[in-house]
Amino acid sequence: MSHLPPRVRALRCRACGTEVPVGPVHVCEQCFGPLEVAYDYAVVARTATRAAIEAGPMSMWRYHMLLPYEDPAPPVTLGEGMTPLVHAPRLGEVLGLRHLYIKNDSLNPTNSFKDRVVSVATSWARARGFQVLGCASTGNLANAVAAYAARAGLRGLVVIPDDLEPNKVAPTAVFAPELVRVHGTYDEVNRLCSELADSQPWGFCNINLRPFYSEGSKTLTFETVEQLGWRLPDEIIIPVASGSQFVKHHKAIEELVDLGLVPDGPRPRLTGAQALGCSPVARAFASGSDHIVPVREPRTIAKSLAIGNPSDGADVVRLARASGGVVVAVEEEQILEGMELLARAEGIFTETAGGVTVAVLKQLAEAGRWTGDETVVAYITGHGLKTVDSLSGRTELAEPIPPSLRAFRRAYPELVNPDASPWRASTG
Ligand SMILES: *Cc1c(COP(=O)(O)O)cnc(C)c1O
Ligand SMILES: [Zn+2]
């Protein structure tokens, strides 16, 4: 195993196919398309077997043979990945789907799917001698970069818009990165970081490290397929910000088929979810073109999806169409209802981005998209505690009562009255 030739062959432009040597670059010099990691799949195939994967660690690194990290030193890991794929019978009953699954990626080390991508980027950057690990972030990436920089013994440099949720800032600040707040939108923050990446010897996860970073997303789909018993689902609902992970889920599926890890057959429909207050990809999809018109000032509580000028947006539209999927957007109130629906039906508390995903699922189910027998998987990518403020005022708390049975009976007569109890039916 240690004598295998390198798996990673080059970086390759997704748009025009131009190849360049592996390095901290992310844009094609010929056409400005995105650079992606190109593997020597003959080498990958020698180690990518179901048995080898199943014998691997209980983390996303069981898929190391399909990730761009080949250093002999262990990767920088906090145990990310192998999050639960749970059957969702109660939510499925509401939506008329018997085989609905939630991939609960909020149960990652910093409670969002970003731990997958940052683990890969940090591992690669540290092996390449980078001392500073940076990012432009809408919150979750900041959280992950700060944690993984600490884990790796690197300097963290986190640049964020100044209007982020307090619950995303404090859990980032605790790792003591250089935390730069910018009075501007995410797209403005990203532009600033691009300029920094051009002029400083720093690794920015979502900029010059992007080809390595984005590969980590594939593991979410690899695991889902493994957890379904090495079976492709019929449809996947994916929240879309920059569109990076959406594109990589497509790549993951093709790799699984090409390597014979799943039988060749119909591919899942890939469906994207956005918030109406920042829905450049859904709008392009609806208009029948793949031209993305940037949203200058995103206005939505789903801040982790609030990227007005999504770099992979056009590819998302193209891949959604080609797979038979759709990209749709939902209103703010639907997002909150989506969070509450998932919590109340399945006991899973997701952030606003997950509310977007569930709301899109509900909207499509109500529009009659499914017969009921399809296997549908919703990617729940961030934890509810990150956006707990969005729910303030949604549930009124009862007045406290004295600690006595008398007081309980007085305050809740209907609960203790056997004839009137709303719990009668369920408690028999
Ligand atoms: C970053 C993020 C996404 C989407 O990421 P892209 O790859 O940029 O589309 C989805 N959900 C959550 C919670 C995120 O933090
Ligand atoms: Zn190109």
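**Surface patch, sheet and salt bridges in a predicted model**

Ile401, Leu405, Phe408 and Val416 make a nonpolar surface patch of about 320 Å². Patch residues have over 30% relative accessible area and no salt bridge; nonpolar side chains (Val, Leu, Ile, Met, Phe, Trp, Tyr) are joined within 5 Å, and like charges within 9 Å. Accessible areas come from the Shrake-Rupley method with a 1.4 Å probe, and for residues only the protein chains shown count as cover. The model is predicted: local features need pLDDT of at least 70, side-chain atom pairs count only at pLDDT 80 or more, and totals for chains, interfaces and linings use all residues. Residues are numbered from 1 along each chain as its sequence is written, chains are lettered from A and ligands numbered from 1 in the order in which they are written, and side-chain values use heavy atoms, without hydrogens and water.

Val416 lies in helix α16 (residues 413-416). Helices (H or I, at least four residues) and strands (E, at least two) are DSSP runs, numbered from the N terminus. Val416 is partly exposed, at 37% relative accessibility. Buried means under 20% relative accessible area, exposed over 50%, and partly exposed in between (1.4 Å probe, protein chains only).

Six strands form an open sheet in the order β4-β5-β13-β10-β11-β12, with mixed pairing. Strands β4 (85-87) and β12 (327-330) each have a single partner strand, so one side of each lacks a neighbour in the sheet. Two strands pair if DSSP finds at least two bridges between them. Strands β10 (residues 235-239) and β11 (residues 269-275) run parallel and are joined by five bridges. Within this pair, Pro239 stands opposite Ala273 in β11.

Elsewhere, strand β6 (residues 132-136) pairs with β7 in the parallel sense over five bridges. Six of the seven residues of β7 (residues 155-161) are buried.

The structure holds 27 salt bridges. Each is a side-chain nitrogen of Lys or Arg within 4 Å of a carboxyl oxygen of Asp or Glu. One joins Arg14 to Asp312, with the closest N and O atoms 3.1 Å apart. Arg14 lies in the loop between β1 (8-13) and β2 (19-20), and Asp312 in the loop between α11 (280-287) and α12 (313-323), so the pair ties together parts 298 residues apart in sequence. Arg14 is partly exposed at 23% relative accessibility, whereas Asp312 is buried at 4%. Another salt bridge joins Lys168 and Glu351 (3.8 Å, N to O). Lys168 is buried at 1% relative accessibility. Glu351 is buried, with a relative accessible area of 1%.
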